[in-house]
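Here is a short briefing to read alongside the model. Keep the sequence and the 3D view open, and pick out the residues as they come up.

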Amino acid sequence: YTFSDSFTTISTSAFTAGKQYRLQASTNMDLKFVLHGAGGGTGGGAGGKLDATINITSGTNYTLIIGTVGTSAGAAGTLIQGAGGGAPSASAFSGGGFTGLFETTTITTTALFNNAILIAGGGGGKGDNANGGGNGGGTNGSSGSGANAGGGGTQTSGGLGGNPGGGNGGQLLGGQGSGMFSGATGGGGGGGYYGGGGGRAD
């Protein structure tokens, strides 16, 4: 999308989850962004919401990434999907992906993390034990429910995985869900500036 002085509004429906969009402006302008992080699927945590006005500079290329909702037995999300953590078992859900605006067109973890402008975090996925994942958003994501839930990501570190075995969140990436017993796993952590930790099934 190239924005100009005649620009008014682009509806949310114009964007598709799991895709990247390159944004440009023909002149320097302030644009209001309303971003929603993706939820962690059925029974999972809600994604965060972010509402901010940002100065967009003419001649600079920006990337907008729209996170995808967590799915049952979902694999870990790619960066373009918002990097929710995976949950291998059929009754657990992967984490929701972040939705973010970045001042780069290079799609790597390092490039996106170092050039992040706005990120709405994804919600954590529900584990096999039916406990819900934590909500994304705010300066700190919330922890999931249950004895071995993953922790929420913060502004300076990823959320800790459910102990033992749940994957820790990292830069942009949600942690992988894990299981104490064969065939059962915790939900995946949501993607974010720092992602949430994956849960461990009880």
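The chain holds one helix and nine strands, where helices (H or I, at least four residues) and strands (E, at least two) are DSSP runs numbered from the N terminus. Read from the N terminus, the order of elements is β-β-β-β-β-β-α-β-β-β. This is a predicted model, in which local features need pLDDT of at least 70 and side-chain atom pairs count only at pLDDT 80 or more, while totals for chains, interfaces and linings use all residues. Residues are numbered from 1 along each chain as its sequence is written, and side-chain values use heavy atoms, with hydrogens and water left out.

**The chain as a whole**

- Of the 202 residues in the chain, 49% are buried; buried means under 20% relative accessible area, exposed means over 50%, and partly exposed is in between (1.4 Å probe, protein chains only).
- The chain exposes about 8,600 Å², and carbon and sulfur atoms supply 48% of that area. Accessible areas come from the Shrake-Rupley method with a 1.4 Å probe, and for residues only the protein chains shown count as cover.
- Take the contacts (heavy atoms within 4.5 Å) between residues at least 6 apart in sequence: 57% of them join residues at least 24 apart.

**Nonpolar cores**

- A nonpolar core here is a set of buried Ala, Val, Leu, Ile, Met, Phe, Trp, Tyr and Cys residues joined through side-chain atoms within 4.5 Å.
- The largest such core has 17 residues, and Leu23, Phe33, Leu35, Ile56 and Leu118 have the most contacts inside it.
- At least two residues of this core come from each of β2 (20–25), β3 (29–36), β4 (49–56), β5 (62–65) and β7.
- Apart from this core lies another, of eleven residues, with Ile65, Phe98, Ile119 and Tyr194 among them.
- To look around Ile56, find Ala25, Thr27, Asn28, Met29, Leu31, Phe33 and Tyr62, which are its contacts once neighbours within four places in sequence are left aside.

- Two strands pair if DSSP finds at least two bridges between them. Strands β5 and β6 run antiparallel and are joined by three bridges, with Leu64 standing opposite Leu101.
- Strands β6 and β7 also run antiparallel, joined by four bridges. Ala116 in β7 is the bridge partner of Phe102.

**The aromatic cluster**

- Rings of Phe, Tyr and Trp (its six-membered ring) pair if their centres lie within 6.5 Å; planes under 30 degrees apart count as stacked, over 60 as edge-to-face and the rest as tilted. By this rule there are five aromatic pairs.
- Phe113 and Tyr193 make a stacked pair, 4.5 Å centre to centre with 15 degrees between the planes. Phe113 lies in helix α1 (residues 109–114) and Tyr193 in the loop between β8 and β9 (200–201), so the pair ties together parts that are 80 residues apart in sequence.
- Phe113 and Tyr194 make an edge-to-face pair, 5.3 Å centre to centre with 75 degrees between the planes. Tyr194 lies in the loop between β8 and β9 and Phe113 in helix α1, so this pair links parts that are 81 residues apart in sequence.
- Phe113, Tyr193 and Tyr194 form one aromatic cluster. Phe113 is buried at 9% relative accessibility, Tyr194 is buried at 18%, and Tyr193 is partly exposed at 28%.

**The loop around Gln171**

- Gln171 sits in the loop between β7 (116–120) and β8 (178–179), and is partly exposed at 33% relative accessibility.
- Not counting residues up to four places away in sequence, Gln171 touches Thr109, Phe113, Tyr193 and Tyr194.
- Gln171 and Thr109 are 62 residues apart in sequence, yet 7.2 Å apart in space, C-alpha to C-alpha.

**Positive phi values**

- Leu172, in the loop between β7 and β8, is not a glycine but has a positive phi near 75 degrees. Leu172 is buried, with a relative accessible area of 0%.
- Ala73 is partly exposed, at 36% relative accessible area.
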